Amino acid sequence: VYGDLGDLGVGNAGLLLAQLMAAGVIVIMLDELLQKGYGIGSGISLFIATNICETVVWKSFSPTTVNVGRGPEFEGAIIALFHYLFTQDNKLKALRMAFFREGLPNCGNLIATVVVFVVVIYLQGFKVTLARRHKRSGFTAPLDIKLFYTSNIPIILQTALVSNLYFLSQLLWKRYGSNPLVRLLGTWADLESGASRPIGGLAYYMSPPHSLFAVVEDPFHTLFYLSFILATCAMFSRFWIEISPGQSSKEVAQQLVSKGYTIGEGGRNDAASVKR
């Protein structure tokens, strides 16, 4: 990400490593402060949301010019849209460039991001409400179980897994690019902007399609990517529930039974029935 170790030098690489470690420690400490009541919500989630919002705003309104082989272009999708409309005689071509340009943020990506935000916020309100009643006092209270029970933890773990696989694949590709097993893991192409993009192997199929045209040209890539995302997130979600104290269905059922609660109209009060 920051360059080869030979170009950076051992000292600069050590400073970068120390900076990343210090930033991680600070984030963890701020998260603990929020969990103790000095703020609202989870610190990690707030930092992730802030970083995403910063990225969206920058990719939408960045005034930086970048050359990816088509001449200098504005990086920001919104600024590029108006620039194309004012400088291109063919307005349809200008709109097509603004919505479907490759290698840089485009308005199609921005609209897709907004749609995903709206859908996630809408689904966040989905929940199943169970009737909970105390056996002795007769007190009743609803028990809400959210659809997104594990919140954003599976996405964080899935992203970390893919990032590490990308790093390993790029490292092996630069050193042993002719090896068949390395090529099976992933082949990479260097862009003029300095970034790298997977163009083959497992790394390619784990990466999202970079445009709508890519979805049409290679539908198997899109289906594999969606299946991979859903399968890994489901696996990490199940794993997180099992290792987190008090989160699994069995432990929640035992807690309700130990406190004298019954679930449902039938008044089920054994742990096995409550778990189901």
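At what angle do the axes of helix H4 (residues 77-87) and helix H5 (residues 91-100) cross? They cross at roughly 160 degrees and come within 8 Å. Before going on: this is a predicted model, where local features need pLDDT of at least 70, side-chain atom pairs count only at pLDDT 80 or more, and totals for chains, interfaces and linings use all residues. Residues are numbered from 1 along each chain as its sequence is written, and side-chain values use heavy atoms, with hydrogens and water left out.

Helices are DSSP runs of H or I with at least four residues, numbered from the N terminus. Axes are lines fitted to C-alpha atoms over the stretch in contact, with angles from 0 to 180 degrees between N-to-C directions. Angles under 35 degrees count as roughly parallel, over 145 as roughly antiparallel, 65 to 115 as roughly perpendicular and the rest as oblique.

Here are the two pairs:

| Pair | Angle | Axes |
|---|---|---|
| H4 and H5 | roughly 160 degrees | within 8 Å |
| H7 and H11 | about 120 degrees | 8 Å apart |

So H4 and H5 are roughly antiparallel, whereas H7 (residues 153-175) and H11 (residues 219-243) are oblique.

Who touches whom? Contact means heavy atoms within 4.5 Å. In H4, Leu 81, Tyr 84 and Leu 85 meet residues of H5, including Lys 91 and Phe 99. From H7, residues including Ile 153 and Leu 157 meet residues of H11, among them Phe 228 and Trp 240.

Finally, at the start of H6, a side-chain oxygen of Asn 106 reaches to within 3.0 Å of the backbone nitrogen of Gly 108.

Conventions
Helices (H or I, at least four residues) and strands (E, at least two) are DSSP runs, numbered from the N terminus. A polar contact is a pair of N or O atoms within 3.5 Å; within protein, one must be able to donate a hydrogen and the other to accept it, and residues adjacent in sequence count only if both atoms are side-chain atoms.
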